[in-house]
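Let's take a friendly walk through a protein model. Have a look at the sequence and the 3D view first, then read on.

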Amino acid sequence: MACSSLVKLNATASSWIAGHQSVNSRPGAAARFSNSRVSVIRAGSYTDELVKTAKSIASPGRGILAIDESNATCGKRLASIGLDNTETNRQAYRQLLLTTPGLGEYISGAILFEETLYQSTTDGKKFVDCLRDENIVPGIKVDKGLVPLPGSNNESWCQGLDGLASRSAEYYKQGARFAKWRTVVSIPCGPSSLAVKEAAWGLARYAAISQDNGLVPIVEPEILLDGDHPIERTLEVAEKVWAEVFYYLAENNVVFEGILLKPSMVTPGAEHKEKASPDTIAKNTLTMLRRRVPPAVPGIMFLSGGQSEAEATLNLNAMNQSPNPWHVSFSYARALQNSVLKSWQGRPENVEAAQKSLLVRAKANSLAQLGKYSAEGENEEAKKGMFVKGYTY
């Protein structure tokens, strides 16, 4: 992509941000915009590839399989079916997922934990090659987890920027083409302006470093389901968070066409007395996105965040009943894997049945991305919620 076109592209993005009155109404925001010169996106050597990769992941009827749980969290999943948390068992489970025949029809990208990126099947085939054979783009979790944020209201910040450039370069060599960095925002804890700004800045620095090393960054400020607040409060916080995120993405010269977003859906708190319908969740979520996300961004890949498998699919389907400026799809972990684990039970003779369970959920979400999903015939297991208060990866 020519440098001149990138300058024009970013000028448009800057105008979009500056033109949003809701952003400028924040204290000090108007001065911040008026005193800064228009930034210029630098045309990196990977720009064209980043745009191509993002478009490939944001392809019709497909979404992301997230299997980037830390070893500790993967151990909890294995423990739920009576398996020890060993590398052999983790490898066996991830082999089951990544070698599912026909998975690429519904899945365009797979987020891996570092251990998995370097692993192979028991037959010696690299997992990244298994994915490529299905036209699935390999991705990698690059953050180093959440730690307490000093000076905040018992909130967290995400670590991992130190050494990120060199790690990203190595991940690219291993075959990864996109990255994920998850930070969180807690509504019961405020959220404080410090926590929101720290989340936004960290995501922006990570995104810039990822693009500089050939990885499409997934931008994920997860607004946790914890709390008893109404959906209106979630919408308010989500708008605040995403306004801050896009301000710092622009400040860090991130190419919007070469990123993907992984937002939370706008829902009431998990402990709120009234549940919202899929139509209500879709209306509030799309309202937030239209107010905050420029159409240059190719894909919105929602996290499930503890919703049941059926809920996550129904809500996604409701958001795709009319055209959107972006590809609106999924990046699910538990909402794709829960049925798989229960079908597998750690037994080799159940692998085929477990893979069929994965295809059932992947196909359901593929249909939801196209706005064609029906919950008719869903089993009761898929309707069970998976929210865990204070959940960590």
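## The barrel

In this predicted model, 8 strands close into a barrel, in the order β1-β2-β3-β6-β7-β8-β9-β10, and their pairing is parallel. The protein has 15 helices and 10 strands.

Let's start at β1, which spans residues 63-67, and its partner β2, residues 107-112: the two pair in the parallel sense over 5 bridges. Within this pair, Ile 67 stands opposite Leu 112 in β2. Helix α6 (residues 87-98) lies across both β1 and β2, and runs at about 170° to β1.

## Where the barrel closes

You can find Leu 65 opposite Tyr 332 of β10. Strand β9 (residues 299-302) is also joined to β10, by 4 bridges in the parallel sense. Here Ile 300 stands opposite Val 328 in β10.

Now turn to helix α14 (residues 334-344) and helix α15 (residues 351-369). Their axes come within 8 Å of each other and cross at roughly 160°, so the two helices are roughly antiparallel. The crossing of α14 past α15 is right-handed.

Which residues meet here? From α14 come Ala 335, Leu 336, Ser 339, Val 340, Ser 343 and Trp 344. From α15 come Val 351, Ala 353, Ala 354, Ser 357, Leu 358, Arg 361, Ala 362 and Asn 365. Sorted by type, the residues of this contact are 9 nonpolar, 4 polar and 1 charged.

Ser 374 sits in the segment after α15. Is this residue buried, partly exposed or exposed? Its relative accessible area is 47%, so Ser 374 counts as partly exposed, a class that lies between the cut-offs of 20% and 50%. Ser 374 and Ala 310 are 64 residues apart in sequence, and their C-alpha atoms are 10.0 Å apart in space.

Stepping back, 59% of the protein's 393 residues are buried. Among contacts between residues at least 6 apart in sequence, 80% join residues at least 24 apart.

Terms used
Residues numbered from 1 in each chain as written. Predicted model: local features only at pLDDT ≥ 70, side-chain atom pairs only at ≥ 80, totals over all residues. Heavy atoms only, no water. Axes fitted to C-alpha atoms, helices over the stretch in contact; angles between N-to-C directions. Parallel < 35°, antiparallel > 145°, perpendicular 65-115°, else oblique. Left-handed = near helix turned anticlockwise from the far one by under 90°. Contact = heavy atoms within 4.5 Å. Nonpolar A, V, L, I, M, F, W, Y, C, P; charged D, E, K, R; others polar. Pairing = 2+ DSSP bridges. Buried < 20%, exposed > 50% of the residue type's maximum accessible area, 1.4 Å probe, protein only.
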